[in-house]
There are 2 protein chains.
Amino acid sequence: MRVTIADVAREAGVSKTTVSRVINTKGEVDGSTAARVREVIAQLGYVPSSGAVGLARGSSRTVGMLVPSLTWPWMGEVLQGVVDTVEAADYGLLLFTCNRGAESVERFTSQVSARAFDGLVVVEPENTLDHLTALHRGGLPIVLIDDRGHHPEFPSVVTTNHEGGASAARHLRAAGRTRPLVITGPQDFGCVRDRLAGFVSVLPTDLVVRGDFTEICGRLAVEQLIASGVEFDSVFAHNDITAAGVLRALRAAGRSVPGDIAVVGFDDIPMAEHTEPPLTTVRQPTRQMGETAARMLLSHLGGTAVPDAPLVLPTELVVRHSAP
Amino acid sequence: MRVTIADVAREAGVSKTTVSRVINTKGEVDGSTAARVREVIAQLGYVPSSGAVGLARGSSRTVGMLVPSLTWPWMGEVLQGVVDTVEAADYGLLLFTCNRGAESVERFTSQVSARAFDGLVVVEPENTLDHLTALHRGGLPIVLIDDRGHHPEFPSVVTTNHEGGASAARHLRAAGRTRPLVITGPQDFGCVRDRLAGFVSVLPTDLVVRGDFTEICGRLAVEQLIASGVEFDSVFAHNDITAAGVLRALRAAGRSVPGDIAVVGFDDIPMAEHTEPPLTTVRQPTRQMGETAARMLLSHLGGTAVPDAPLVLPTELVVRHSAP
DNA sequence: CTGAAAGCGCTTACAG
DNA sequence: CTGAAAGCGCTTACAG
């Protein structure tokens with residue numbers, strides 16, 4: 001049925017060994033022999049079976065990617081970055097999610113043991129880090145894309161959260177804002193601590209409300225502060241979704257943005273362009289993070305030593321109307 | 001190094017055949033023998049090599065997914081639906097994109113020939129349909145998620161675009177709107193023709209502007225009509241991005257929404273909740289489309305006959321403030 | 001109920 | 001420069 005290396009060998013009048021050698025350009029092969037083999041390959045439309053190659057070579061030329069969710073607003077960019085890089089290197093990408101708790105983790109582990117892939121890119125492991133560490137110790141190359149301040153044993157890609165927070169503060173300060181409200185994300189996330197520390201290092205404030213990265217937390221924080229008569233002239237929200245809630249609450253309360261209150265978010269998800277007014281925000285280089293992580297993993301698989309410190313990619317302040 | 005079936009066999013004092021039988025619960029095996037084998041498997045942490053199993057069985061227990069882009073706003077939901085379904089069936093998902101033109105297509109085809117996966121879910125193939133048809137004729141099971149009005153030889157999952165357009169029109173008519181503007185997507189897309197036909201079957205109009213699914217086209221259409229003094233009391237945009245542009249242009253022109261003009265979009269992407277005002281829109285069941293397509297493919301792989309007509313999933317009007 | 005052997009489609013020492 | 005043979009880790013008739 002399908003064309004195998006044996007068919008090519010027979011047709012070309014050589015051994016399978018020789019065919020294998022011209023496919024992989026390994027070892028010396030006579031020029032005219034090689035040409036003949038290549039011709040037969042083209043003519044028969046032969047493509048080596050990835051399964052057989054993998055079995056014989058002990059590697060699958062496939063990388064795995066484990067993500068907590070595929071519907072987070074910035075996940076598409078990360079994925080695209082990883083896929084592009086992996087495809088360009090002629091690797092396949094096997095995608096896994098771990099949103100069904102223990103069951104998914106177990107299934108995933110079993111794929112690891114099955115050697116279905118050679119290495120793994122992980123995005124923000126929630127409570128699987130111990131597990132991943134065990135797999136890594138067992139020999140699985142892993143690269144992490146993470147902002148939660150984990151300090152894993154394996155290489156990771158992060159972004160400049162501290163500087164990102166600082167850049168938001170500098171921008172507000174330059175606009176003459178002196179009394180900012182900060183609405184954070186979950187405080188056990190490293191990125192949240194860093195964004196906050198960076199911000200207050202430039203623009204100290206005692207108005208810090210603990211949020212949880214949802215729209216509702218932004219809305220509630222603003223409503224409550226306004227209701228209790230607390231004054232502020234700007235808001236730094238730790239992500240764009242929260243900032244969207246802030247904008248909505250301010251509008252409902254009759255405060256103008258940026259006239260009365262300037263608002264800065266974090267992430268620069270697609271929505272940020274479309275809020276009213278469009279949101280000034282600290283852009284995370286999500287696609288680049290995906291590309292970088294994939295590149296690190298591939299070079300690791302290729303034998304290059306991995307960096308021992310996390311690779312840090314720069315954020316960038318994107319100025320729109322909510323804080324000109 | 002790694003634990004193989006031979007290790008298990010030796011440790012349990014049986015043949016590899018027997019181990020294979022208990023793993024796959026195939027053929028009769030003595031109860032106590034089976035128990036012993038299972039014990040050894042657990043104790044050694046044995047997991048069959050997916051590559052070897054695939055080679056021996058001639059199938060990979062993996063499905064492929066080919067998408068044009070991973071960063072489209074609704075792609076995350078589709079992907080999640082596919083991944084969840086595929087994982088639940090203990091299959092792996094191999095992800096491919098075709099955004100680098102001929103090169104990606106070629107790479108992808110070679111993976112097909114390499115038998116890297118058993119079946120394929122395709123989302124909106126741009127100009128690869130002929131190619132896919134060839135692969136399908138060559139024996140590759142394919143399920144399409146598509147709204148462009150292709151009529152492929154293989155099963156597909158679509159949504160009720162005609163009824164979706166009609167539901168938007170009924171909603172506007174019920175609100176007393178009589179002079180709607182329709183801004184379409186690319187007119188060679190089947191979904192665009194259907195949405196338009198559905199809409200005008202309920203609420204005829206001569207105000208139809210051809211758009212291209214971008215924000216700018218929505219903005220320009222509104223600006224130009226207003227500049228030329230054409231009156232309208234509502235807008236039906238063929239996707240939410242375009243509707244966002246419409247909202248922005250109306251606001252800039254000092255028209256109130258929905259007071260002066262009601263606006264309805266299509267898709268219900270995450271952004272739709274966050275526009276000003278929040279967007280009334282026709283929701284596409286994107287996640288469900290992913291789940292359904294994956295389920296169809298899996299049951300096809302399982303030997304079930306595939307339906308010959310496209311499977312149609314219902315849209316749903318989501319009412320928010322832009323058209324209450 | 002169980003096992004020896006062939007086979008899946010490759011790669012890779014080894015020998016020439 | 002080339003090939004016969006063993007091996008990668010499984011499954012599956014076939015025979016008992």
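Colleague: Before we start, what does "buried" mean here?

Modeller: A residue is called buried if its relative accessible area is under 20%. Please keep in mind that this is a predicted model.

Colleague: Is F117(B) buried or exposed, then, and why?

Modeller: F117(B) is buried, because its relative accessible area is 4%, and that value is under 20%.

Colleague: How many aromatic pairs are there over all chains?

Modeller: The count over all chains comes to 14 aromatic pairs. One of them is formed by F96(B) and F117(B). This pair is tilted, with 55° between the planes and 5.6 Å from centre to centre.

Colleague: Where in chain B do F96(B) and F117(B) lie?

Modeller: F96(B) belongs to strand β2, residues 92–97. F117(B) lies in the loop between α6 (102–113) and β3 (119–123). The two residues are 21 residues apart, and the pair therefore links distant parts of the chain. F96(B) is buried, with a relative accessible area of 4%.

Colleague: Which residues of chain A are linked into a cluster by ring pairs?

Modeller: The cluster consists of F96(A), F108(A) and F117(A).

Colleague: Changing topic: what sits over the ring of F266(A)?

Modeller: The charged end of R195(A) does, 3.7 Å from the centre of that ring. In chain B, the charged end of R195(B) sits over the ring of F266(B), 3.7 Å from its centre.

Colleague: And which domains does the assignment give for chain A?

Modeller: It gives domain 1 (5–48), domain 2 (60–159 + 286–314) and domain 3 (161–284). Taken over C-alpha atoms, the centres of domain 1 and domain 3 of chain A are separated by 63 Å.

Terms used: Residues numbered from 1 in each chain as written. Chains lettered and ligands numbered in written order. Predicted model: local features only at pLDDT ≥ 70, side-chain atom pairs only at ≥ 80, totals over all residues. Heavy atoms only, no water. Phe/Tyr/Trp six-rings, centres within 6.5 Å; stacked < 30°, edge-to-face > 60°. Helix = DSSP H or I, 4+ residues; strand = E, 2+ residues; numbered from the N terminus. Buried < 20%, exposed > 50% of the residue type's maximum accessible area, 1.4 Å probe, protein only. Lys NZ or Arg CZ within 6 Å of the ring centre and 35° of its normal. Domains from an automatic or database assignment.
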